[in-house]
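Below are some numbered remarks on this entry, meant to be read beside the coordinates.

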Amino acid sequence: MSAFAEPRDPIQAATEGRYKWGFETAIEMEIAPKGLNEDIIRLISAKKDEPEWLLAWRLKAFAAWRETSEPDWAKVKHPPIDYQALHYYAAPKRKPGPKSLAEVDPELLATYEKLGIPLRERAILAGVEGAGAAEVRPDIAPGVAIDAVFDSVSVATTFRETLAKAGVIFCPISEAVREHPDLVRRYLGSVVPPGDNFFAALNSAVFTDGSFVFVPKGVRCPMELSTYFRINARNTGQFERTLIIAEAGASVSYLEGCTAPQRDENQLHAAVVELVALDDATIKYSTVQNWYPGDAEGRGGIYNFVTKRGACRGARSKISWTQVETGSAITWKYPSCILQGEGSVGEFYSVAVTNHHQQADTGTKMIHLGANTKSTIIAKGISAGRSNNTYRGLVRMMPRAQGARNFTQCDSLLIGDRCGAHTVPYIESRNPSARVEHEATTSKIADDQLFYCRSRGLSQEDAVNLIVNGFCKDVLKELPMEFAVEAQKLLAVSLEGSVG
Amino acid sequence: MLEIRGLAASIDGKPILKGIDLVVPTGEVHAIMGPNGSGKSTLSYILAGREGYDVTGGEVRLDGVDLLTLAPEERAVAGLFLAFQYPVELPGVGNANFLRTALNATRRARGESELDAVQFLKLARAALRDLAMADDMLKRNVNVGFSGGEKKRNEVLQMAILKPKFAILDETDSGLDIDALKIVAGGVNTLRGPGFSALVITHYQRLLDHIVPDRVHVLAGGRILRSGGPELARALEESGYAALGLEAVGEDVAAIGAS
Ligand SMILES: Nc1ncnc2c1ncn2[C@@H]1O[C@H](COP(=O)(O)OP(=O)(O)OP(=O)(O)O)[C@@H](O)[C@H]1O
Ligand SMILES: [Mg+2]
């Protein structure tokens, strides 16, 4: 299907208003039996028509997973996860393409409706044949392409043709396995090896979908690429796998945002994202993460164990992670950069908000291998309610990192006095010429600041938002414009009722 | 019209205001003078609705509305403005954004349309020009890294933009150079008119040379000890509180003093 759509702001759907995505769609599902074993992995691989090498790769990862155990060093607590009680595969049933929206499963359309997806785009997402050739919508912002992941299978991918003209590949990873097997085989697992850690191994064994991006030599991707994820089926773990490659001199900006339906059972989410930047390439990866955080008492909510890593393989290459984390009951996430190419640059800009009983243990790793590599870390943690917010960051200067530099700024903001903020920096330098700078602050929203704002007519909540947004400004300004606006709204929603 | 009747308040059980009676009719500007620690800022904070005070008696009405039952933001949109003695810093919050948010909150409450960034900038630039302030004041973060005088001017800028019907200026003249003093006084005088009244707290006659008050009140030891015309301020400037017998009286004289 040639999917053509007017670009729109995909994140609007994901971040607007209060947490309103607490719905679940009762679409006919094809669900694998509960539990994880080699047969299930064979089933997943067969369902996706995968080549033999990938099945072997999965099975190796599964073997590695069985050898490791859950990491216990993070400052998060949760009841033990029964990995055998989860389903590892669920797919919306495929029917032949509907002829019009009238033939599309009304439940699916209702889901799009709740997500705020424009009518015309719903047709494309639902796979209506011929959708996309019709009218142009001036109300939708140009320049964004979406790859929507609906449960485990990408329902549709938009904007492929414009991208194809530029030589950019942007498609579900399962499709990339079929269409571009050499590229996938060359790069998959080259940044996050299948046995890297417990959750990465799990992901490697059972990943069902995710995005694949390839920007060839010298190409600036003509639009921002975007995916939003949704968890839909009850008890279905989500194991997305994203692989982004920017060849020499290429550049790309990728946006990831997600929402999840409200429910009472904890849900496991273990994604892997791998980025590869060759000489002079730039990858900017922005995330607004809004998984269901659990209710005010801490019931329900997503467990989010993510491995994100970028390899700056080429000289002067640059990888920049920007994240706004407001969701999930538990966040375990350390987007990292391996600065291998001489003069390569790694950046990490993060806002992590926790409220109620949320727990976040997040940060970054900057591994300086090459000479004159540079990294910048700006991490802002905001804790409210009874939540716990930990920044954990590693800066490692290897022997050949002559003249390497790191600057780290970690700021924590506390709202109320029952929450916790923790900063755990690890600094290792094996090169005397390398320089590492670390600054950290912890502050509280002062009553005087709130009163000052309120005396100018701002409500208590607007005052908190203004102060919080001010605190996060250095990170928010790294987000693409429209994303930043939505992120601000999301911060407001996440902290609703946290003061007073 | 602002009416304060028998207002008494304490902090942590310690009485600070001990029965204040003060009426500022609409259209008038009154000055409050008084020794350090006499309760001037406490009075202005209580009028603006800051938490942490126990109001133990009395009432305050602005044009008949009972102020003490309103939240600070409700008082603000009802037309009350306090220029802080010590303006508060808001890191990362742009002055323009802050001012526009505040103005739009007020406009919403008045049933007026909100201003977009362009409309606001036009209005703010004009206000800056009137106060001889540089445009870059709008780009900076609220009060962060401002000099003492700049903070005071920023308060007056906010007042000029919000156009309150009742303003309290708590030592807005302290820290201002001579030119700035005139400009700030000009800012207040521009607002003066039949729909505006103000309470100007100051230690110095020089401000009152530029903002000539209709009445002057002396607050000491939590009470208004004397009220008079502009000549009372001049007499105080010449002789001091002690010579006029306007030291604090009562149980905590020693604590307050008349330095
Ligand atoms: N939060 C507080 N806790 C304890 N005492 C306080 C507090 N705020 C004010 N006070 C006391 O209340 C009294 C009045 O203080 P206030 O700030 O109102 O004086 P002021 O007249 O404004 O003085 P100045 O001319 O120095 O500004 C002082 O004795 C002061 O120490
Ligand atoms: Mg004072």
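1. In this predicted model, the magnesium ion (ligand 2) is coordinated by two side chains of chain B, B:Ser41 through OG and B:Gln85 through OE1, at 2.0 to 2.1 Å.

2. Is B:Gln85 buried or exposed? The relative accessible area of B:Gln85 is 14%, which is under the 20% limit, so the residue is classed as buried.

3. The contact between the chains draws 36 residues from chain B and 18 residues from chain A. Together, chain B and chain A bury about 1900 Å², and 63% of that area is on carbon and sulfur atoms.

4. Which polar interactions cross this interface? Eleven residue pairs are in polar contact between chain B and chain A, both partners being at pLDDT 80 or more. Four salt bridges are found across the interface. One of them joins B:Glu51 to A:Arg454, with the closest N and O atoms 3.9 Å apart. That distance is within the 4 Å cut-off, so the pair counts as a salt bridge.

5. On the side of chain B that touches chain A, at least two residues each are supplied by α1 (40-48), α2 (72-77), β6 (80-83), α3 (95-109) and α5 (148-162). Helix α3 of chain B gives the most, with seven residues. By class, this side of chain B holds 21 nonpolar, nine polar and six charged residues.

6. Two backbone angles deserve a look. Most residues other than glycine have a negative phi. A:Asp49, however, has a positive phi, near 55°. A:Asp49 is placed in the loop between α2 (38-47) and α3 (52-67) of chain A. With a relative accessible area of 60%, A:Asp49 is over the 50% limit and therefore counts as exposed.

7. The other case is in chain B: B:Ala132 is not a glycine, yet its phi is positive, at about 50°. B:Ala132 lies in the loop between α4 (117-130) and α5 of chain B. How accessible is B:Ala132, and what class does that give? Its relative accessible area is 48%, between the limits of 20% and 50%, so B:Ala132 is partly exposed.

Conventions: Residues are numbered from 1 along each chain as its sequence is written. Chains are lettered from A and ligands numbered from 1 in the order in which they are written. This is a predicted model: local features need pLDDT of at least 70, side-chain atom pairs count only at pLDDT 80 or more; totals for chains, interfaces and linings use all residues. Side-chain values use heavy atoms; hydrogens and water are left out. Contact means heavy atoms within 4.5 Å. Buried area is the accessible area (1.4 Å probe) that two parts lose on being put together, summed over both. A salt bridge is a side-chain nitrogen of Lys or Arg within 4 Å of a carboxyl oxygen of Asp or Glu. A polar contact is a pair of N or O atoms within 3.5 Å; within protein, one must be able to donate a hydrogen and the other to accept it, and residues adjacent in sequence count only if both atoms are side-chain atoms. Helices (H or I, at least four residues) and strands (E, at least two) are DSSP runs, numbered from the N terminus. Ala, Val, Leu, Ile, Met, Phe, Trp, Tyr, Cys and Pro count as nonpolar, Asp, Glu, Lys and Arg as charged, and the others, Gly among them, as polar. Donors are N, O and S atoms within 2.8 Å of the metal (3.2 Å for Na, K and Ca); water is not among the atoms, so sites may look incomplete. Buried means under 20% relative accessible area, exposed over 50%, partly exposed in between (1.4 Å probe, protein chains only).
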